[in-house]
Amino acid sequence: MNRRHWLAGALVAAALASSPVQAQTTLRMTWYSDGNEGEVMRDLLNRFEAGNPGIKVVLDTVPFKAINENLPVQLAAGQGPDMARIVDFGGLAKFALDLRPHLANAGAWEQNFGPFLEWMREPGNTTAIPGYMTQLTVTGPLVNKTLFEQAGVAIPGPKATWDDWAKAAKAVADKVKAPYPVAFDRSGHRFFGLAVSQGAKMIGADGLPTPADEGFRRAAQLIVDWHKSGVMSKELWGSVSGTAYRGANEEFKNAQVPFYLSGSWQIAQFDKTVGNAFDWIAAPTPCGPANCSGMPGGAGVIGIKATKHPAEVAKVMDFLASEPILSEFYARTLFVPGHIGIAKKGVAYQGASAQAAAALKVFGDAVAALDPAAYRIQGNAYSRIVFNAAISRIGQAVAGEIAIDDAIRRIDADVAQQVAERNKK
Amino acid sequence: MSETGSPPRAILRDSHASRLIQAVAGLLDRPMAWIQRAVGGRGMAYVFLAPNILFFGLFVFLPIGINMAMSLTGGTNLFLSERPFIGGDHYRGLMQCGSYLDPASCREDHFWKGVSNTLKFTLFQMVAMVGTALVTALVLNRKIRGRGFFRAVYFFPVLLSPVVVALIWKWILQRDGLLNGAITLAGGEKILFFVEPGWAMFWAVFVSVWAHMGFYTLILLAGLQAIPADLYEAAEMDGTKPMRVLTRITLPLLWPNLVVVLVLVLIKAVQTFDEVFVLTGGGPGTATLMVVQYIYETAFANQVQNFGLAAAASMLLGSLLFALTMLQLWIARRKAA
C-alpha cells in the first residue's frame with residue numbers, strides 16, 4: 001500500500017467520524033399504551049428527530065405492569081432509560097431528573113404544569129421540574145345506556161347518590177341477565193373514587209398516611225355489602241389476591257356491565273372497540289355524604305436522573321411539552337389535557353365519535369368537581385402504599401376470609417409497616 | 001475399500017475428525033501435564049471440577065450469600081452498601097405468630113397463608129402427580145396399540161410454557177369458558193371456578209398435574225423398562241397374582257426412580273408460582289396464594305419494594321425445602337438399606 005492509499009483511507013475515516021450519523025445521541029424512552037398514544041408519540045418523535053438530526057429517541061413499549069414493577073428496580077440499579085412514562089409520581093420522584101437548568105423557558109412549565117409538578121417532586125422540594133403530564137385522568141362511571149333502555153330503567157340524574165346507582169344497575173342487571181351490575185376496576189385508585197365521596201382524607205397534616213378514617217371505612221363497608229347483596233360480582237375484587245390489578249373493561253365491552261367505575265382513559269379504547277355495538281355514556285361521579293368527587297390521576301413523562309444526556313433529554317421534553325405538540329397529542333389520543341393552558345383553550349378532539357366527545361365533556365367537567373382531599377391523596381408520595389393495602393385487604397373481606405374490622409386493622413398495619421420500611425436510612 | 005480402491009467416504013470423514021480431535025487434544029497435552037505435575041494426581045479431580053464449581057459459585061452460592069445478607073438489611077435501596085443493617089428483624093417479624101396453625105394470628109399473615117397453601121398444594125399435588133404418573137407409566141409399559149402415540153400425547157404438555165398452560169386452562173374455566181359452555185349445554189348452572197376457594201385449589205392442582213405428569217411418567221417408564229423381564233416370567237410361571245407382582249417386584253425395583261420423582265415433584269411443588277399465579281392470581285381472597293407469590297409481591301409488586309423481608313422469606317423457604325429433601329433422601333436410604 002503506497003502513501004496515496006494511506007492518505008485516501010485516512011480522509012474517508014475522518015469524513016465518517018465527522019458525519020452526523022456518528023455524532024447522533026440515542027435516547028431511550030420507556031412507554032406503555034392504553035390506546036393509540038404509542039403510535040401518536042412515535043409520530044411526534046419522528047417529527048422531532050427530523051428537526052434535530054443529532055438526537056434519536058427509541059420508544060421502548062412495555063406492559064403497564066412493567067412500569068410499576070420492573071422500572072423501579074431498573075432505576076434503583078442505575079440502569080434505567082433516559083425518559084419514562086409513569087403513573088407513580090411520588091414513588092419514582094427520587095429517580096427523576098430536574099429539567100429546570102436545561103429548559104429554555106422554565107416559567108412556561110411552571111405556569112402550565114404547576115399543580116402536577118408537585119405530584120412529581122420529592123417531599124420538601126418546591127422547585128424541581130421533573131416532567132410533564134401526558135394526560136390528566138379522572139375516575140368516573142361509564143354506563144351502558146342500551147342495557148338501561150332494554151331494561152326500561154331510568155338512568156339516574158347528575159346528583160344521584162351511589163345508592164341510587166347501585167339500585168338502578170342491579171335492577172338493569174336482573175332484567176337483562178347481566179352478570180356484573182356494578183363493576184369497579186380492582187384498583188386502589190378506583191376505590192378512592194368512592195372513598196373520597198364518603199369523606200375519606202387519609203393524609204395527615206405531616207404528609208403521612210393516617211389510620212383509616214370514617215370515610216374510608218364507609219367506602220370499604222359499601223364494597224363488601226355490595227358484594228354480599230349481588231350488586232358487585234366477586235369475580236373482580238374477590239377472585240385474585242394481593243395487589244393484583246383486575247380491570248373490567250373487557251366485561252364492559254362485552255355488554256355485561258350496566259355501570260362501570262373506571263375513568264377517562266377508557267374513552268378512546270371504547271370509542272374504537274365498542275363502536276356501534278351499543279350506546280354508552282359517561283356519567284358524573286355519584287355523590288356520597290361528603291361530596292360528588294372522583295379521583296384525579298394521570299400519567300406523565302419524566303426525565304431520569306441517571307441519564308448521560310440531560311441536555312438532550314430536556315430538548316426532547318421541551319418539544320413534547322410545547323403547546324402545539326401537546327395539544328395535538330391530546331387531540332389525537334382523546335386524553336383529558338394535563339396542561340393548564342390547553343385545558344383553558346379546549347381541545348379539538350380528532351376522530352372522536354359523538355358519544356366519545358360527550359364523555360370527554362363529562363370527564364372534563366368532573367375535574368372542576370374534584371375535592372381538594374382527592375388531589376392531596378393523589379399527590380402524596382405514599383398514596384400507592386395506601387391504595388395497595390386497601391385492595392389487598394378489602395379483597396380478602398370481599399372473598400369472605402376476614403371481617404371488615406380485621407381488614408381495616410390490617411390496612412393500618414400494612415401502611416405503617418411500609419412507611420417505616422421506606423423511611424429506614 | 002470401494003471398488004475403485006479408495007477408502008469409503010465415511011471412513012475418510014472419520015479419519016479427518018479423529019485427526020482433528022487428536023490435534024486439539026494434543027494442544028492440551030502439555031498444559032495438562034504441567035498442571036498434573038503441579039497439583040499431583042489427586043489434585044487433578046479438583047481441576048476438572050473447577051469450572052463447574054466456579055459456575056455454581058457464581059450463579060448459585062453467590063446469590064444465596066447476597067440473599068442472606070439482604071435479609072439482614074432494611075430500607076428500599078437495592079445495593080447492599082446503601083442498606084442499613086437490621087439484624088434478624090425480618091425473621092422475627094415473619095415468625096411473630098399467635099399460633100402457626102392460624103395465619104390470621106401472625107404479623108405477616110400472607111406469608112403464613114402462603115406457607116399453609118403451599119403445603120396443602122404440595123401434599124395434594126404429590127399424591128395426584130405420583131399416582132397418575134405411576135399408573136400412566138404402568139399402562140404405557142404394556143404392549144398396547146398406539147403406545148408410541150400415547151407416550152407422545154402425555155409428554156406434549158411438558159413442552160408448553162407454564163404461562164401458556166395456565167392461560168389455556170383459564171380460558172377453559174372462566175365464566176364464559178369451554179367447560180361452563182359444556183355445563184350449560186347439558187342443562188347445568190355455570191360454576192364460577194375462580195370464586196370458590198375449593199374449586200380454585202382443585203384446578204390449580206389439576207392443571208399442574210396435567211402439565212407436568214408426562215415428564216415424571218417418562219422417568220418411571222425408564223425405570224420400568226430397566227426391570228429384568230425374567231423376573232416377570234418367573235413370577236408368571238409361579239402363578240403369582242398381578243397385584244403381588246406389582247407390590248413385590250415392580251414397586252421395590254422402581255423405588256430409586258420413585259424417590260427421584262418424589263424429590264423432584266416436592267421441590268417443584270414448593271416452588272410453584274407462575275402457573276398458579278396466572279391461573280388464579282392467588283385468589284379467591286388468598287385461597288391459592290403460594291409462598292413464592294408472597295415473596296414476589298413483597299419484593300416487586302408493592303410500592304415499597306421490601307427486598308429484605310422478601311429475602312428473609314425466601315431463606316426460610318429454602319431452609320424448608322432443604323429439610324424436606326434431606327428427610328426424603330434419608331427415608332429412601334433407610335428403605336434401600
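Met83(A), in strand β3 of chain A, is the bridge partner of Met29(A). The structure is a predicted model, in which local features need pLDDT of at least 70 and side-chain atom pairs count only at pLDDT 80 or more, while totals for chains, interfaces and linings use all residues. Residues are numbered from 1 along each chain as its sequence is written, and chains are lettered from A in the order in which they are written.

Strand β3(A) covers residues 83-86; strands (E, at least two residues) and helices (H or I, at least four) are DSSP runs numbered from the N terminus. Strand β1(A), residues 25-31, runs parallel to β3(A) and is joined to it by two bridges; two strands count as paired if DSSP finds at least two bridges between them. Strand β8(A), residues 296-303, is antiparallel to β3(A), with four bridges between them, and there Gly300(A) stands opposite Ile86(A). Both faces of β3(A) are covered: Met83(A) and Arg85(A) on one side, and Ala84(A) and Ile86(A) on the other, are all buried. A residue is buried if 20 or more other C-beta atoms, placed from the backbone, lie within 10 Å of its own, exposed if 12 or fewer do, and partly exposed in between.

Met83(A) also belongs to the largest nonpolar core, which has 127 residues; Ala169(A), Ala183(A), Phe191(A), Met317(A) and Ile394(A) are likewise among those with the most contacts inside it. Such a core is a set of buried Ala, Val, Leu, Ile, Met, Phe, Trp, Tyr and Cys residues joined through C-beta atoms within 7 Å. Helix α19(A) gives the most to this core, with 10 residues. Because domain 1 (21-136 + 297-345) and domain 2 (137-296 + 354-422) of chain A both give residues to the core, it lies between them; the bounds come from an automatic or database domain assignment. Leaving aside residues up to four places away in sequence, Ala169(A) touches Pro181(A), Val182(A), Val231(A), Pro258(A) and Phe259(A). A second, separate core of 54 residues includes Met70(B), Phe194(B), Met213(B) and Leu279(B).

The contact between the chains takes 30 residues from chain A and 26 residues from chain B, two residues being in contact if their C-beta atoms, placed from the backbone, lie within 7 Å. Helices α4 (64-76), α11 (234-237), α19 (383-399) and α20 (404-422) of chain A each supply at least two residues of the side that touches chain B. The largest share of that side, six residues, comes from α19(A).

In chain B, the assignment gives domain 1 (9-71) and domain 2 (102-336). Their C-alpha centres lie 37 Å apart, and four residues of domain 1 of chain B are in contact with six residues of domain 2 of chain B.

Some backbone details remain. Most residues other than glycine have a negative phi, and most peptide bonds are trans. Ala255(A) has a positive phi near 55 degrees and lies in the loop between α12 (249-253) and β6 (259-263) of chain A. Leu334(A) has a positive phi of about 60 degrees, and its place is in the loop between α15 (323-333) and α16 (340-345) of chain A.
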